[in-house]
Amino acid sequence: MGNIADELVQVTQGMKVDVGHAALTVTKALDYVGIDDKSHGRRVGLICHRIAHLLGWNRTRRHFILIAGMLHDCGVSSTTVHRKLVAEIEWEGAEEHCLRGDQFLQSFPPFCPFAAAIRYHHTRWQDLPPSLDNKTREYANLIFFADRLDVAYASFVIGHPHHEVLLGREHLLAELAPYVGILFSDEIYTAAAHAIQKDSFWLELREEYLDDAILEALSSEDYEISLSFDEIESLGELISQIVDAKSPYTHYHSLRVADLAYTLSGLAGLGPYQRRILRLSGLLHDVGKLRTPDEILEKPGALTDAEVAQMRSHPLDSKRVLNSLFPNTPIAKWAAEHHEKLDGSCYPFGWKGDQIDFPTRILSVADIFQALCQKRPYRHRLNIDDVLEIMDVMAAKGEIDLSIYGLLKANKEELYTIAIRT
């Protein structure tokens with residue numbers, strides 16, 4: 001009973017989270033969608049912060065726009081949409097991800113204040129609703145401007161050594177000049193014209209300097225808050241929605257894996273704290289898949305060896321994000337190992353037997369079961385008997401934990417209902 005009591009205290013206490021650092025970590029996960037360019041969100045945040053200095057905004061407003069700028073693309077999960085957004089100054093489909101981003105941010109109270117700016121960050125300056133307050137108008141338009149300036153910058157450094165951006169800075173700004181007064185405010189463009197004269201404006205956009213510059217800016221404000229476990233789970237659900245929105249074939253996958261893992265861990269007798277953090281790991285186990293191209297996730301036929309190899313990195317991508325977001329917990333470890341099999345036949349570590357702990361075994365069974373229950377591009381949803389027939393073979397080969405699988409079979413109807421719930 002002592003251990004259960006300790007776990008109940010841990011659940012009640014929740015965790016302390018720094019909002020800025022949480023936003024930085026979420027942004028790093030979102031930047032995976034760019035695949036090759038994995039710094040767009042962070043660069044936009046820093047560009048916003050630097051221009052805000054020249055606009056005369058105070059420290060609190062600069063801190064706000066840094067976070068809002070980093071989170072601006074939280075409505076983009078699709079690599080196809082990302083390609084469109086970085087290829088054109090305006091794209092008629094941009095509104096959809098602004099609406100989705102607004103919705104996602106409103107689901108996590110500490111990120112709610114940034115939602116309105118994200119909602120309008122692809123709206124022309126001349127078309128912003130008169131009902132918006134002046135600060136929100138400025139935030140949204142600065143994000144729009146910084147986003148487009150970063151697209152021009154990213155295109156430039158593809159074909160030039162990075163230091164040459166110091167020679168091309170006027171040209172990059174000039175690309176946006178025709179849109180002043182239409183897409184962007186005169187005030188923001190004028191401030192940017194002064195900001196870009198500093199070499200540091202451009203040099204700090206390089207990957208090796210970027211995080212240091214952002215962390216230095218974030219340190220100017222103390223945004224650490226205590227979150228209940230319910231609020232922490234709402235952050236997990238926010239990120240899982242972003243991941244699952246990547247493809248119609250992955251909708252609700254993370255949420256249902258989390259619910260299955262939570263239910264199975266209860267049937268297995270785990271304590272309340274372990275069950276809650278295992279659910280968090282389930283919510284976030286596939287965050288690394290943001291880096292997987294849409295065409296692989298939605299391919300109707302068998303993947304090529306190269307496509308399989310590309311997808312097999314996602315557990316380690318998940319681990320990197322979750323170690324930053326939830327340090328000193330096993331959440332990242334469980335997520336990174338959810339594809340391991342007891343016979344050592346799977347990835348990324350090839351663990352076998354006792355090298356795979358009990359919560360990881362639960363998460364693995366939950367992930368396999370939900371994936372088989374869900375419609376995929378290459379097949380329809382399987383019924384419960386077909387799912388168990390496949391998993392019986394896996395159990396016979398020694399790939400999955402027999403005790404956990406026994407609990408699943410004994411409660412198959414309840415768990416199947418959870419797995420297919422929308």
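How do the axes of helix α2 and helix α18 cross?

## α2 against α18

The axes of α2 (residues 19-31) and α18 (residues 314-325) cross at roughly 175° and come within 9 Å. That makes the pair roughly antiparallel (over 145 degrees). Axes here are lines fitted to C-alpha atoms over the stretch in contact, with angles from 0 to 180 degrees between N-to-C directions. Helices are DSSP runs of H or I, at least four residues, numbered from the N terminus.

On the α2 side, A22, T25 and A29 meet V321, S324 and L325 of α18 (contact means heavy atoms within 4.5 Å). By class, that's four nonpolar, two polar and no charged residues; Ala, Val and Leu are among those counted as nonpolar, Asp, Glu, Lys and Arg count as charged, and the others as polar.

## What this model is

This is a predicted model, where local features need pLDDT of at least 70, side-chain atom pairs need 80 or more, and totals for chains, interfaces and linings use all residues. Residues are numbered from 1 along each chain as its sequence is written, and side-chain values use heavy atoms, leaving out hydrogens and water.

## R42, tucked into α3

R42 sits in α3 (residues 40-54) and is buried, at 2% relative accessible area (buried means under 20%, with a 1.4 Å probe and protein chains only). Its side chain makes polar contacts with the side chains of S39 (3.2 Å) and D211 (2.8 Å). Such a contact is a pair of N or O atoms within 3.5 Å, one able to donate a hydrogen and the other to accept it; residues adjacent in sequence count only if both atoms are side-chain atoms.

Terms used
Helices (H or I, at least four residues) and strands (E, at least two) are DSSP runs, numbered from the N terminus. Buried means under 20% relative accessible area, exposed over 50%, partly exposed in between (1.4 Å probe, protein chains only). Angles under 35 degrees count as roughly parallel, over 145 as roughly antiparallel, 65 to 115 as roughly perpendicular and the rest as oblique.
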